[in-house]
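Please look through the model shown here, with attention to its packing and its charged pairs.

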Amino acid sequence: MSPQPHQPQVRQNIQKFLKSFLGIVRILQIVFGAGLWVTIAANKYEGSIHFVLFVAVLFWLLTLALFFLTLLEKQDLVPLLGGERWLFTNLAHDVAAAVLYLPAIGIMIYKTDRNSYCNLDQYTHPCLYKVYLTAAVFACLCCLAFILSVIYGACRKCRGEQTVI
């Protein structure tokens, strides 16, 4: 078993990751993803919104796991996916997230449009228009963050790099 790095070295690695492009993008993915699923879960939802909530929670949890494994440099402990395959694992995660966020955005835009009639000052009944609009914005921001991460990971993979940072 290899010796544990000294405390200052661990702190430097953490700071290095948090200041890196991927670290910043992962934080944005976590924040926007949480904003999306909290916005939906805090309100009444039905039908196809369940898919949006599934995508948001699934990729929020997976992104949290990737973030902390990379932050703590424990990716070698992940069987089959860690070590030399970690960059590819991150890239596959980001591609899957971006692809599944696209229909989620479409669903949120459709729901927002369907509820646009109640966006009037005179309309006094409960309306989910603003909730759906907020969720659509969060879904778009999440998808954009994942697309940026895909581009970054693909560029690194094409250059033959093996590490995430």
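Predicted model: local features only at pLDDT ≥ 70, side-chain atom pairs only at ≥ 80, totals over all residues.

The protein chain has a mean pLDDT of 88, and 93% of its residues reach 70 or more. Among the elements of the chain, helix H2 (residues 21-41) has the highest mean pLDDT, 95, while helix H1 (residues 7-19) has the lowest, 81.

The largest nonpolar core consists of 23 residues. Leu36, Ile40, Val52, Tyr101 and Met108 have the most contacts inside this core. Two or more of its residues come from each of H2, helix H3 (49-71), helix H4 (86-114) and helix H5 (129-158). Setting aside residues up to four places away in sequence, Val52 touches Leu36, Ile40, Ala104, Ile107 and Met108.

Over the whole structure, a search finds two salt bridges. In one, the side chains of Asp94 and Arg26 meet at 2.8 Å, N to O. This pair links distant parts of the chain, with Asp94 in helix H4 and Arg26 in helix H2, 68 residues apart. Both Asp94 and Arg26 are buried.

The other salt bridge joins Lys111 and Glu46, whose closest N and O atoms are 2.7 Å apart. Here too distant parts of the chain are linked: Lys111 lies in helix H4 and Glu46 in the loop between H2 and H3, 65 residues apart. How do the two partners stand in terms of burial? Lys111 counts as buried because its relative accessibility is 12%, under the 20% cut-off. Glu46, at 37% relative accessibility, counts as partly exposed.

How values were computed:
Residues numbered from 1 in each chain as written. Heavy atoms only, no water. pLDDT = per-residue confidence, 0-100. Helix = DSSP H or I, 4+ residues; strand = E, 2+ residues; numbered from the N terminus. Core = buried A, V, L, I, M, F, W, Y, C linked by side-chain atoms within 4.5 Å. Buried < 20%, exposed > 50% of the residue type's maximum accessible area, 1.4 Å probe, protein only. Contact = heavy atoms within 4.5 Å. Salt bridge = Lys/Arg side-chain N within 4 Å of Asp/Glu carboxyl O.
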